[in-house]
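Hi there,

Here is the structure I promised to pass on to you. Have a look at it first, and then read on for what turned up.

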Amino acid sequence: MRKYNYEALADAADALNDATEDCRECPVQGKCNCDKHGCLLDAICEILRDRACLADAYQAAAQRTSGDHDKILNGVLGLCGETGECADIVKKSTFQGHILDRDHLIDEASDVAWYLAELATGLGVSLSEIFRHNIEKLKKRYPDGFDPERSIHREENEDA
């Protein structure tokens with residue numbers, strides 16, 4: 001299986017869109033689709049769509065085991081419980097002399113994923129939309145990557 005740096009691909013797609021926005025060869029809805037640029041942009045977008053489809057396919061599969069109930073409430077409370085279980089595993093490793101049980105932590109993290117999918121479904125959005133929203137928020141908050149100063153003064157930088 002080929003491994004991609006998805007963040008770099010997303011940045012490349014954004015940069016290519018920006019750079020070709022005024023391409024006179026084939027402007028289609030403000031985006032270039034000419035032979036010079038279009039194939040590269042299509043390839044990048046296809047890889048990114050495949051990644052989003054994986055999250056959305058997981059969400060659909062997870063819903064097979066969900067019942068007919070308030071998915072928002074179940075999702076939020078489930079996230080609280082399962083992240084608490086993750087925290088407990090790390091706490092025992094950090095402060096109580098236990099060896100970090102990676103398999104147990106992975107098992108609990110998979111439960112976190114299930115409840116996030118449950119919450120997303122309750123909100124009427126896809127997991128890929130939630131992931132995309134988070135990346136966009138982080139790009140605005142930390143345009144040049146994480147910066148402790150921007151984190152410390154986050155309220156000052158929120159409008160930036």
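This is a predicted model: local features need pLDDT of at least 70, side-chain atom pairs count only at pLDDT 80 or more; totals for chains, interfaces and linings use all residues.

Now for the overall layout. The protein chain holds seven helices and two strands, and their order along the sequence is α-β-β-α-α-α-α-α-α. Of the 160 residues in the protein chain, buried residues make up 26%.

As for the length of the helix, the 22 residues of α4 should span 32 Å at 1.5 Å a residue, and the end C-alpha atoms are 31 Å apart, so the two values agree. Just past the end of α4 comes Gly-124, with a positive phi of about 75 degrees.

The partner to look at next is α3. Helix α3 covers residues 71–95, which is 25 residues. From first C-alpha to last, α3 reaches 35 Å, close to the 36 Å expected at 1.5 Å a residue. At the start of this helix, a side-chain oxygen of Asp-70 comes to within 3.1 Å of the backbone nitrogen of Ile-72. The buried residues in α3 are Lys-71, Gly-75, Gly-78, Leu-79, Glu-82, Cys-86 and Ile-89. After the helix comes Gly-97, and here too phi is positive, near 80 degrees.

How do α3 and α4 pack, and at what angle? The angle is about 160 degrees, and the axes of the two helices are 8 Å apart. With an angle over 145 degrees counting as roughly antiparallel, α3 is therefore roughly antiparallel to α4. The crossing in which α3 passes α4 is left-handed. Sorted by type, the residues of this contact are 14 nonpolar, seven polar and six charged.

Finally, two residues of helix α5 may interest you. Ser-128 is found in α5, which runs over residues 127–141. Is Ser-128 buried or exposed? The cut-off for buried is under 20% relative accessible area, and Ser-128 has 8% relative accessibility, so this serine counts as buried. The side chain of Ser-128 also makes a polar contact with the side chain of Asp-56, at 2.9 Å.

The other one is Arg-141, which also lies in α5. At 13% relative accessibility, Arg-141 counts as buried by that cut-off too. Along the chain, Arg-141 and Arg-154 are 13 residues apart, and their C-alpha atoms are separated by 7.7 Å.

Notes: Residues are numbered from 1 along each chain as its sequence is written. Side-chain values use heavy atoms; hydrogens and water are left out. Helices (H or I, at least four residues) and strands (E, at least two) are DSSP runs, numbered from the N terminus. The expected span of a helix is 1.5 Å times one less than its number of residues. Buried means under 20% relative accessible area, exposed over 50%, partly exposed in between (1.4 Å probe, protein chains only). A polar contact is a pair of N or O atoms within 3.5 Å; within protein, one must be able to donate a hydrogen and the other to accept it, and residues adjacent in sequence count only if both atoms are side-chain atoms. Axes are lines fitted to C-alpha atoms, for helices over the stretch in contact, and angles run from 0 to 180 degrees between N-to-C directions. Angles under 35 degrees count as roughly parallel, over 145 as roughly antiparallel, 65 to 115 as roughly perpendicular and the rest as oblique. A crossing is left-handed if the near helix is turned anticlockwise from the far one by less than a right angle, and right-handed if clockwise. Ala, Val, Leu, Ile, Met, Phe, Trp, Tyr, Cys and Pro count as nonpolar, Asp, Glu, Lys and Arg as charged, and the others, Gly among them, as polar.
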